[in-house]
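Please consider the model shown here, which is a predicted one.

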Amino acid sequence: MSVARNILNNPKLVPGGGATELTVSATLKQNSSSVQGSEKWPYEAAPLAFEAIPRTLTQNCGVNVIRTMTALQGKHANGENAWIGIDGNTGVITDVKEKKIWDAYNVEAQTFKTAIEAACLLLRIDYIVSGMKKNQPPGGKARSKPQVETEGDADNEQIIPE
């Protein structure tokens, strides 16, 4: 929306057509092999999230999404083809540097930050919900709310001594 303003404020460009997202995705997939345990989960889930932009671009072009995404992932798997992306007009896999398809750095950086913040928020919510489930007694029924005694529930006890 404010592309010209973003370029003037921060004149940096990154490869467009989903090339940047696919490069980050491929790098995370490669790094996931060195991580063990539950710490590995973000390294496996984030690449799928980053691939949503090129996948959406491919869908909007009307080409076969599965074949195109498989071919793109193969070209980015070794990490040497950072310039390979999708031509948004034709849906063809292309060298975005030759076609001069660029994205503003500010937009890409903000997209990545927002995606990571959203994932962290979902993880926090999941942690809270799983913690609530652990506090439930066996059988899955939630504990009833504590009842506040009223004057009539006092079993004829004198509340205030005379």
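**Helices and salt bridges**

On the side of helix 4, the contact is made by P54, R55, T58 and Q59, which meet V65, T68 and M69 of helix 5. Sorted by class, the residues in the contact of helix 4 with helix 5 are three nonpolar, three polar and one charged.

Helix 4 also packs against helix 3. Two packed helices are described by the angle between their axes and the distance between the axes. For helix 3 (residues 41-50) and helix 4 (residues 52-61), the angle is about 30° and the axes are 4 Å apart. Since angles under 35 degrees count as roughly parallel, helix 3 and helix 4 are therefore roughly parallel to each other. Here L48, A49 and F50 of helix 3 are in contact with A52, I53, P54 and R55 of helix 4. The contact of helix 3 with helix 4 comprises six nonpolar residues, no polar residue and one charged residue.

The account now turns to charged side chains. Side chains of opposite charge can pair when their charged atoms come close. A search of the whole structure finds four salt bridges. One of them joins the side chains of K29 and E51, with a distance of 2.9 Å from N to O. This pair links distant parts of the chain: K29 lies in helix 2 (residues 19-32), while E51 lies in the loop between helix 3 and helix 4, and the two are 22 residues apart. Is E51 buried or exposed? E51 is buried, its relative accessible area being 2%. K29, in contrast, counts as partly exposed, at 38% relative accessibility.

E51 has a further partner in R55, and the side chains of R55 and E51 meet in a salt bridge of 3.7 Å, N to O. R55 counts as partly exposed, at 28% relative accessibility. Through shared partners, salt bridges join K29, E51 and R55 into one network.

Another salt bridge is formed by K40 and E44, whose closest N and O atoms are 3.9 Å apart. K40 is partly exposed, with a relative accessible area of 24%. E44 is likewise partly exposed, with a relative accessible area of 42%.

Along the sequence they follow the pattern α-β-α-α-α-α-β-β-α-β-α. The protein has 162 residues, of which 23% count as buried. Among contacts between residues at least 6 apart in sequence, 56% join residues at least 24 apart.

Conventions. Residues are numbered from 1 along each chain as its sequence is written. This is a predicted model: local features need pLDDT of at least 70, side-chain atom pairs count only at pLDDT 80 or more; totals for chains, interfaces and linings use all residues. Side-chain values use heavy atoms; hydrogens and water are left out. Axes are lines fitted to C-alpha atoms, for helices over the stretch in contact, and angles run from 0 to 180 degrees between N-to-C directions. Angles under 35 degrees count as roughly parallel, over 145 as roughly antiparallel, 65 to 115 as roughly perpendicular and the rest as oblique. Contact means heavy atoms within 4.5 Å. Ala, Val, Leu, Ile, Met, Phe, Trp, Tyr, Cys and Pro count as nonpolar, Asp, Glu, Lys and Arg as charged, and the others, Gly among them, as polar. Buried means under 20% relative accessible area, exposed over 50%, partly exposed in between (1.4 Å probe, protein chains only).
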